[in-house]
Amino acid sequence: MPSPRSPQSPQKKQSGKQRDAFFDNAKYLAIVLVAMGHAWEPLKGDSRILEAAYQVVYAFHMPAFIIISGYFSRSFDMRPDRLKRLITGVAVPYIVFETAYPLFKRFIDNDPHQEISLLDPWYLTWFLCALFVWRMTTPIWKMARWPLPLALGLAMLATVSPEIGDDLDLQRVLQFLPFFVLGLVMKPEHFHMVRRRSVRIASVPVFAAALAFSWWAVPRMNTAWFYHRDAAQELGAPWWTGPVMVLAMFGCSLVLTACFFAWVPRRHMWFTALGAGTLYGYLLHGFLVKAGDYQGWFEPTWMHQPLGEISVTVAAAAVVTVLCTKPVQRVFRFVMEPKMEWAFKRDAAELARERQSAERREREREKATVA
């Protein structure tokens with residue numbers, strides 16, 4: 001989920017403009033799907049239907065988030081104030097939660113030997129690592145003549161390169177890269193196109209077909225393909241299937257993401273404001289999911305039956321909703337959005353802008369007084 005203080009993030013107002021309710025709605029609905037998917041993981045092995053739904057959700061929920069992240073990164077450059085926000089809004093939360101999750105496992109799972117490593121993203125923190133890399137390379141993609149084909153080429157090469165290893169989860173960084181670059185090259189009219197009534201109508205049979213195909217594919221396809229974290233050889237597949245799967249899954253993910261966007265409300269809803277807190281919900285809900293896994297909350301037989309699966313789904317949606325609220329944001333803002341003015345020198349250009357702003361306000365007050 002895009003960082004609340006990262007430059008041009010969907011969770012930050014841009015140039016004083018009013019927030020677009022569509023994007024906040026999309027982020028909230030996507031984070032709910034993320035939480036539901038994580039809650040399904042301990043249960044899906046006993047239900048082919050749940051496994052099929054899990055695969056469909058995983059085919060588009062992260063691509064949707066990443067496309068939005070790329071779209072709101074279009075104006076990113078190496079300006080000092082934007083770099084500061086990238087550090088405080090992405091890098092610092094990564095360091096904090098990359099440390100917190102292993103410590104949590106040590107304590108809750110009674111595993112004192114759990115290692116802490118900033119080079120090996122743990123559980124949910126891979127997204128922050130990837131977002132940092134993507135944002136830092138944004139100027140390069142803006143210079144490239146054919147950025148999307150180039151990004152797809154890198155993703156295809158990654159799937160045949162198991163020697164990349166696990167450092168910084170570079171497989172995911174590279175395999176999800178095309179979605180970020182796609183967001184960079186998208187324009188507002190592209191989002192308007194998928195929100196047409198005809199697309200909404202067409203999305204219903206598309207999702208139905210996706211669920212049916214996924215149900216058929218459950219015993220025939222390795223779900224790990226949807227995680228984009230392994231090379232083809234690591235999944236026990238011939239090397240050539242990696243590039244093929246990159247293109248196939250990119251196409252499928254785009255279609256399902258477009259269908260998802262088609263049904264996202266454009267007007268202000270009761271949950272619209274929660275879209276500004278999706279990073280909080282994303283990083284915090286993992287502690288509850290992991291606690292349930294460590295403590296055996298998902299082991300009772302009734303939870304592996306339809307009523308239990310529905311209950312877990314509703315609970316996951318409710319919990320992540322609460323974690324996106326303003327009170328939770330106020331409590332954890334010191335971690336997610338630290339000011340850290342003490343760590344940076346004041347930028348001369350920023351000081352000049354502040355002086356100009358102060359002088360402009362002073363002139364406006366003088367005019368008002370004369371009037």
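**Entry 1: helix 8**

I began with helix 8, where I found Leu177, Pro178, Phe179, Phe180, Val181, Leu182, Gly183 and Leu184 to be buried. I noted that I was working with a predicted model. Since eight of the nine residues of helix 8 are buried, I wrote down that this helix is largely enclosed by the rest of the structure. Which elements cover the buried residues of helix 8? I looked them up and listed, among them, helix 2 (48-71), helix 4, helix 5 (138-143), helix 6 (147-158), helix 7 and helix 11.

**Entry 2: the whole protein**

I then stepped back to the whole chain and counted its secondary structure, which comes to 15 helices and zero strands. For 371 residues, a compact globule would have a radius of gyration near 21 Å, and I read 22 Å for the protein, which agrees. Taken along the principal axes, the box filled by the C-alpha atoms is roughly 75 × 50 × 45 Å. I also looked up burial over the chain, and 51% of the 371 residues count as buried.

How many of the contacts between residues at least 6 apart in sequence join residues at least 24 apart? The share I noted is 79%. For the surface, I recorded that the protein exposes about 18,300 Å², with carbon and sulfur atoms supplying 64% of it. Turning to charge, I found 42 positive and 31 negative side chains, and the centres of these two sets lie 11 Å apart.

**Entry 3: aromatic rings**

Next I searched for ring pairs, and the structure holds 33 aromatic pairs. One of them joins tryptophan 126 and phenylalanine 176, which are stacked, with 5.3 Å from centre to centre and 20° between the planes. I checked where these two sit: tryptophan 126 belongs to helix 4 (residues 126-136), while phenylalanine 176 is in the loop between helix 7 (170-175) and helix 8 (177-185), so that the pair links parts of the chain 50 residues apart. Are tryptophan 126 and phenylalanine 176 buried or exposed? I found both of them buried.

I also looked at phenylalanine 191 and phenylalanine 261, an edge-to-face pair with 5.6 Å between the centres and 65° between the planes. Phenylalanine 191 and phenylalanine 261 are both buried. I then saw that both belong to one aromatic cluster, formed by Phe22, Phe23, Phe60, Tyr71, Phe72, Phe191, Phe207, Phe260 and Phe261.

**Entry 4: the loop between helix 3 and helix 4**

I recorded asparagine 110 as exposed, because its relative accessibility is 67%, and over 50% counts as exposed. Tyrosine 123 also lies in the loop between helix 3 and helix 4, and I read a positive phi of about 60° for tyrosine 123, although it is not a glycine. With a relative accessible area of 22%, tyrosine 123 is partly exposed.

Key
Residues are numbered from 1 along each chain as its sequence is written. This is a predicted model: local features need pLDDT of at least 70, side-chain atom pairs count only at pLDDT 80 or more; totals for chains, interfaces and linings use all residues. Side-chain values use heavy atoms; hydrogens and water are left out. Helices (H or I, at least four residues) and strands (E, at least two) are DSSP runs, numbered from the N terminus. The radius of gyration is taken over C-alpha atoms; the globule rule is 2.2 Å times the number of residues to the power 0.38. Buried means under 20% relative accessible area, exposed over 50%, partly exposed in between (1.4 Å probe, protein chains only). Contact means heavy atoms within 4.5 Å. Accessible areas come from the Shrake-Rupley method with a 1.4 Å probe; for residues, only the protein chains shown count as cover. Lys and Arg count as positive and Asp and Glu as negative; His and the chain ends are not counted. The place of a charge is taken as NZ of Lys, CZ of Arg, CG of Asp or CD of Glu. Rings of Phe, Tyr and Trp (its six-membered ring) pair if their centres lie within 6.5 Å; planes under 30 degrees apart count as stacked, over 60 as edge-to-face and the rest as tilted.
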